[in-house]
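Open the structure in your viewer and keep the selection tool ready. This tour goes stop by stop.

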Amino acid sequence: MTQDGSGPAILVEGLVKSFGEVRALRGIDLSVPHGTVLGVLGPNGAGKTTAVRILTTLLRPDAGRALVEGHDVVREAAAVRRSIGLSGQSAAIQEELTGRENLEIIGRLYHLSWPHARSRAAELLKQFDLLDAADRAAKNFSGGMQRRLDLAASLVGQPQVLFLDEPTTGLDPRSRLGMWDIIRSLAAGGTTLLLTTQYLDEADELADEIVVIDRGLVIATGTAEELKGRVGGDVVEFTVPDRSRVADAVTAIGKVGEGEPNVDAETGVVGVGVGGRGSEALIEVVRGLDGAGVETRGLALRRPSLDDVFLALTGHAAEETEETGGRRGRASKKRASKNRASKKDAGRAAS
Amino acid sequence: MTAVAAESGAPAAPSLPSSPGPLVRARWAVSDTLTITRRNLLVWLRVPAFLVFTVVQPVMFVLLFRYVFGGAIPVPGEYVDFLIPGILVQTAAFATFGTAIALAQELKKGVIDRLRSMPMARSAVLAGRLVADTGRMLVTILIVTGVGYAVGFRFDNGVLPAILMIVLATVFGLAICCISAYTGLAIGDEESVQAFGLIWIFPITFLSSAFVPIPTMPGWLQAFANNQPVTYVIDTMRALARGGPVEASLWKSIAWLAGIFVVFLPLAVRAYRRAS
Ligand SMILES: Nc1ncnc2c1ncn2[C@@H]1O[C@H](COP(=O)(O)OP(=O)(O)OP(=O)(O)O)[C@@H](O)[C@H]1O
Ligand SMILES: [Mg+2]
């Protein structure tokens, strides 16, 4: 660290921001230690972008304070700007210019000499696998390439703290995995990262610590494991292919679970919360089903997903607050139905 | 891609000194403005369609008024000499559509957010935009003047007044550019910005002495046309190009343009700082 090591890389206390009637942030606290990754998880309109914009000196908070590398984002904005990088929610690149020109211009604006700006651009193009396309206009790049170029631009100044606002929204699954790799290696290199996401699995995958925000408030903080623990333990889940035997299956496992099993009559999926008794409960379920002669498929013990967590914490699925705009497309619809499927589980688990 | 090794984002000591002095900052403000100017001009050169339209539109107006409408508009002297200063002012004003639209786009795409989050001079984005767009405008003005010459327009009053006329047209364009920059940043949506531009740029250029002598308009319109900056600027330019009394309209032009700068430059700066 170039810092004196005291204090976290990002510290946020009681941050409040309203836009007219809309209370985007209603008192947020955060602390991100140096060299760690914080995942800020929340649905549309939760206040993620607002928080990022305050931390990157683009917006003044109404109340509260925020420090980045020990510098106040309002009073010492210039110092904060020297230590951060920002990759916003949309790719902020000049589409008419080439990838190389985009990066060289950013380098010049960081006051690198021309030769230095050129070599830095070349270095980043190589690292981000953009060399082949480097001299084409960025408007001809794929979405994933534009995103990578945008991320590369945020690294030109070698920031100590990097803010990524929904870095994978709108990417296809393959580009998304590529972006995850890049983010992991940035984290491994020691950069402090704050990334926002609507994808629960993404936060699980990349973040050391997760903050869940909803309607401008932090509603939970912890590691992915801790958050999952708050839902109330494991779930044994299986499918009964013969729908007429579902009732028998439920009777057979009657005493194993905590509370009523959760049954989806349509798909034949039965789930039952078993608290912390994981494998022991799994054996009991197998014995019970075997004894009743019920055939099952896909019997498994699973940790609750972060979808379950979100549901348990907010009482509504992550997608329910979504506005009408179809920005998130198909992926979100799929995930929404997944949420509905797990809603019953979580509801039971929480009770 | 896994090879994005530790070097890429490592918290290595940044190459920037921690707190630059005022001299260094002033130098950066200039270099940042030049960088942004260069970027904007590059973008302009990369979009051939835009390049063509910014020049073709005024040339079409020159031809249209010179050969189609001009014969029906009685003016003292040659109509083409009357016309060209008006066309030049309109060209300058229309060119600022590009300013407003570009800023609105940059705002929407997050380009301005990125630049504002960087340790670059705060003034550079706006200054670079104004410098590049004024340069662009000057090129268009010179081309249209050349076309004017080809269809019979002449400077009858010597070289210095001719240069002054071009300078006045450009300074006028820069003033209108400040208004457009402000509207682009304040409105922030490309389509709305464009629609709004039509609402004010069309009236102020057409309801002036640009194409017809003001006494041919109805009285209530004359009251507006006689007392608005576009008319003063055009009258000054005509006097500079053809000879005649310059002073009265020149001072009024200068007062108006100074007023526009004093009001709209700070407004544009404020809109840039607050842009969200
Ligand atoms: N500039 C603004 N003016 C008015 N309202 C705003 C502005 N920016 C954000 N808001 C409102 O503040 C709330 C929080 O917005 P924010 O963009 O921070 O959410 P988000 O979590 O980033 O959502 P998304 O996932 O859609 O990006 C929303 O209700 C939004 O409409
Ligand atoms: Mg957002």
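The stops below cover a metal site, strands, cores and salt bridges in a predicted model.

**Stop 1: the magnesium ion**

Select the magnesium ion, ligand 2. Which residues coordinate the ion? They are A:Thr49, through OG1, and A:Gln89, through OE1, at 1.8 to 2.2 Å. Now colour the elements that hold them. A:Thr49 sits in helix H1 (residues 48-55) of chain A, and A:Gln89 sits in the loop between strand S6 (84-87) and helix H3 (99-109) of chain A, so the pair ties together parts that are 40 residues apart in sequence. A:Thr49 is partly exposed, at 27% relative accessible area. A:Gln89 is partly exposed too, at 28%.

**Stop 2**

Next, show the open sheet of 4 strands, in the order S2-S1-S4-S5 of chain A, with antiparallel pairing. Its edge strands are S2 (22-32) and S5 (71-72) of chain A, each pairing on one side only.

Zoom in on strand S1 (residues 10-19) and strand S4 (residues 63-68) of chain A: 5 bridges join them. Pick A:Val12, whose bridge partner in S4(A) is A:Ala66.

Then select A:Phe19, also in strand S1 of chain A. Beyond its neighbours within four places in sequence, A:Phe19 is in contact with A:Ala24, A:Thr50 and A:Leu59.

**Stop 2: a hairpin**

Move to strands S9 (residues 209-214) and S10 (residues 217-222) of chain A, an antiparallel pair with 5 bridges. A:Ile213 has A:Val218 as its bridge partner in S10(A). The hairpin has 2 residues between the strands, and A:Arg215 takes a positive phi near 50° there.

**Stop 3: the cores**

Select the largest nonpolar core, with 69 residues. Among the members that touch the most others are A:Leu103, A:Phe128, A:Leu151, B:Leu115 and B:Met120. Helix H5 (residues 143-155) of chain A gives the largest share, 6 residues.

Then look for a second, separate core of 52 residues, including B:Leu83, B:Ile141, B:Val147 and B:Cys178.

**Stop 4: salt bridges**

How many salt bridges are there over all chains? The count comes to 22.

Begin with B:Arg114 and A:Asp150, whose closest N and O atoms are 2.9 Å apart. This pair crosses between chains, from helix H4 (residues 111-116) of chain B to helix H5 of chain A. Both B:Arg114 and A:Asp150 are buried.

Next, show A:Glu205 and A:Arg184, at 3.0 Å between the closest N and O atoms. A:Glu205 lies in helix H7 (residues 200-206) and A:Arg184 in helix H6 (residues 173-188) of chain A, so this bridge ties together parts that are 21 residues apart in sequence. A:Glu205 is partly exposed at 42%, and A:Arg184 is partly exposed at 34%.

A:Arg245 and A:Asp248 also meet in a salt bridge, at 2.8 Å from N to O. Finish in chain B, where a network of salt bridges links B:Arg39, B:Glu106, B:Arg129, B:Asp133 and B:Arg136.

Notes
Residues are numbered from 1 along each chain as its sequence is written. Chains are lettered from A and ligands numbered from 1 in the order in which they are written. This is a predicted model: local features need pLDDT of at least 70, side-chain atom pairs count only at pLDDT 80 or more; totals for chains, interfaces and linings use all residues. Side-chain values use heavy atoms; hydrogens and water are left out. A nonpolar core is a set of buried Ala, Val, Leu, Ile, Met, Phe, Trp, Tyr and Cys residues joined through side-chain atoms within 4.5 Å. Buried means under 20% relative accessible area, exposed over 50%, partly exposed in between (1.4 Å probe, protein chains only). Donors are N, O and S atoms within 2.8 Å of the metal (3.2 Å for Na, K and Ca); water is not among the atoms, so sites may look incomplete. Two strands pair if DSSP finds at least two bridges between them. Contact means heavy atoms within 4.5 Å. A salt bridge is a side-chain nitrogen of Lys or Arg within 4 Å of a carboxyl oxygen of Asp or Glu.
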